[in-house]
Amino acid sequence: MDSRQIFKKSGILLGLTGWLLLLALVWITLPARADAPPAARRGLGGDELLAQMQACKFPRNRAGQVCFEAVWRYILPPQRDGQNLITPVQTLPFTTEIRATGYIKGLYVTYYGLGSPAYREQVQHLLETTELNALVMDIKGDRGRLPYTSTVPLAVEIGADAHPMMTAWPAWMAWFAGRNVRTIARIVVFKDEPLAAAHPEWAVTDVDTGGVWRDREGLGWADPMREEVWDYNIALAVEAAQKGFNEIQFDYVRFPTDGLIHRALFAAENTAENRTAAIAGFLAKAKAALAPYNVKIGVDVFGYTTWRPDDMGIGQHLETLAPYIDVISPMLYPSTFADGLPGLPQYREAIAFPYEVVNLSTLRAVARLKAVNPALEVRPWLQDFPDYAFDGRTYTPDEIRLQMEGARRAGGRGWMLWDPRIQYTSAALVSADPVYLPNVKGQVLVPVYHLIGEPEGRWQRAPANFRADLEQFLALGYYPVNLRDLTAADLSMVPAGKRPVVLTFDDSSVGQFRMLPDGSVDPDSAVGILLGFHAAHPADWPLRATFFVLQDVDAPERVLFGQREWAQQKLQMLVNWGMEVGSHTISHANLAESSSVEVQWQLAVSQANLQALLPGYRVVSLSVPFGAYPADESLLAAGVYQEMAYRYQGAVAVRGGLTVSPQSRGFNPYRITRVQATRSELDYWLQQANRSGVSYVSRGE
Ligand SMILES: [Zn+2]
């Protein structure tokens, strides 16, 4: 046989295989009425099979499981034993398209840090290998020094640029531009020792000595009420814009707070009105001067400004600043909330509430500023440095991510991490690899697991294989979300370039969540495996999965994860960790065979029971047993049983392959199709998902 013949033959073979795959695909992706098994073409009447399946009373009788498997034999894709069907991941280098997110994730490098090649490399490495897409750099640092050689005459005159940290600025800036990393120039405005020293006539004066007033650090301040001071800082801002920075960020846009304030003398009387007028005047003039440049203007403010109605005695009043700026960055470090959150004594120990501090403060800022300047972005600073006000703790990656999540859910438009030591917690950052082009019309993978344990079988995934599934999902750029996120059509938490995956678990068997006699979670149960995987990948694999629990079936090991004495605590733990608890009806009822009263009884009572076990929690997701939908599907969404009303936001079917994007018109939150977590089916669907344009890929938030 010559090579051409071989080629031709294998071409035919491939063609046949392709047809088979296509056929399987058509069957499996039949919309969910396809709970009627597509077996007709193989000789067994579809109606017959459906009748057989609906006779199942799983787990009330064992025949149920048998007939369930009979159904499955017909819809499984072709087996490829021992062969990995996954095509290599098509990853992209970090391109402008991926980076072009409106959601800013940044960190900060100090004046001195800019002078260190090691720090610079470290920062560049983080920007290349994680979700970060912005860098804040000191252009005028806390001691008034510029890290570059300036052309602003006053800067040269007072020696502010006498100690440049870097000479190769054009190459440095080009590096960021080439990767579409947002560059933000931080300018410490009124705390300015070199300016105060060289021009005491523009400085805050000490009424006792007649000389320059000094703060607790012994540093002089330029007078916020003097226009000469404004002009100097504006000249530096313009210079930064000309260097190619995307954003100017003014810090210390305020009056001094510490030291002997009563001895500080300003150009005008120190009243709230004069203070806010000075700050607003500076920002208005800066806005006008920067108008010709394509830069945004941001301002850093104290975290408490989001809570206080006044100017805090320092000229920082949110509504007054808002008209002149594009971004406001409250410094929401829990360590700075030494007095807790005003009016909320439960958060007095602010350091223990990273989520609440950031979330509630951001919510307040967003709500207050919406009316004044609707385009204004609230982008808080977050804490990645050891606490100094409470118990001295260092935040874990999870606590840092809680802050990020708090900002996102409050309507923040990103965040920036602050650590003046430049020792950022890289484990708190989602890795940038692999990265796909955004595709929000693509389909979503929702695998369903049943039993977890030995041996591996049709309805049971061995622990080692479940671990391997997680490794594979991670390697392919998946990021877990809960079902409620998908059915709410909110996948904004999925980082740019990643694909969402909803891990679902049906039937609440003990292998999914087992407690050991010593009170620890069995590391070989699904929850134990998820906990371990999250610990190894705190940012890349948050604890998200949806567990559909049963409450009253003949098999006690499937009632609320077996172990009766742990039932409530297990549910509470799942929710506390960020995972989701959903209903699988009370008794694994076949809703297709149930009267509408029975359907409503199952859905109302199961939801009420779970919510009684989880005070304050809302159960919104449902897994339809056997994928057997009731005749009246509207009963899944809402209904009432003896004055007990219920509502579900979404429901999952048993199968059907990848599910339609929530951004697509065909999306039906009550018909979420799933992929069975067996090797062959996962391989098949992961391969489908890897095809160009098939998968949902996040734009990122
Ligand atoms: Zn089930």
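**Reading helix α10 and the cores**

Modeller: Let's start with a helix. α10 has 17 residues and spans 24 Å from its first C-alpha to its last, close to the 24 Å expected at 1.5 Å a residue. Keep in mind that this is a predicted model.

Biologist: What comes after α10?

Modeller: Gly244 follows α10, and its phi is positive, near 105°.

Biologist: Which residues of α10 are buried?

Modeller: In general, an α-helix has 3.6 residues a turn, so residues three or four places apart point the same way. Here the buried residues of α10 are Val229, Trp230, Tyr232, Asn233, Ile234, Leu236, Ala237, Ala240 and Ala241.

Biologist: And what covers the buried residues of α10?

Modeller: The cover includes strands β2 (134–140), β3 (182–188) and β5 (247–251), along with helices α7 (153–158), α9 (193–198) and α11 (272–290).

Biologist: How do I read the largest nonpolar core?

Modeller: In soluble globular proteins, nonpolar side chains tend to be buried together. In this model the largest nonpolar core has 96 residues, and Ile187, Ile248, Leu321, Ile325, Ile328, Leu382 and Met416 have the most contacts inside it. Helix α10 gives the most to this core, with eight residues.

Biologist: What does Ile325 touch?

Modeller: Leaving out residues up to four places away in sequence, Ile325 touches Leu283, Ile297, Gly298, Val299 and Leu376. There is also a second, separate core of 79 residues, with Tyr479, Leu574, Tyr646 and Ala689 among them.

Biologist: Where is the pLDDT below 50?

Modeller: The chain averages a pLDDT of 87, and 86% of the residues score at least 70. Over residues 1–89, though, the pLDDT is below 50, and that stretch has 97 contacts in the model beyond near neighbours in sequence.

Notes
Residues are numbered from 1 along each chain as its sequence is written. This is a predicted model: local features need pLDDT of at least 70, side-chain atom pairs count only at pLDDT 80 or more; totals for chains, interfaces and linings use all residues. A nonpolar core is a set of buried Ala, Val, Leu, Ile, Met, Phe, Trp, Tyr and Cys residues joined through C-beta atoms within 7 Å. A residue is buried if 20 or more other C-beta atoms lie within 10 Å of its own, exposed if 12 or fewer, and partly exposed in between; C-beta atoms are placed from the backbone. Helices (H or I, at least four residues) and strands (E, at least two) are DSSP runs, numbered from the N terminus. Two residues are in contact if their C-beta atoms, placed from the backbone, lie within 7 Å. pLDDT is the predictor's confidence in each residue, from 0 to 100. The expected span of a helix is 1.5 Å times one less than its number of residues.
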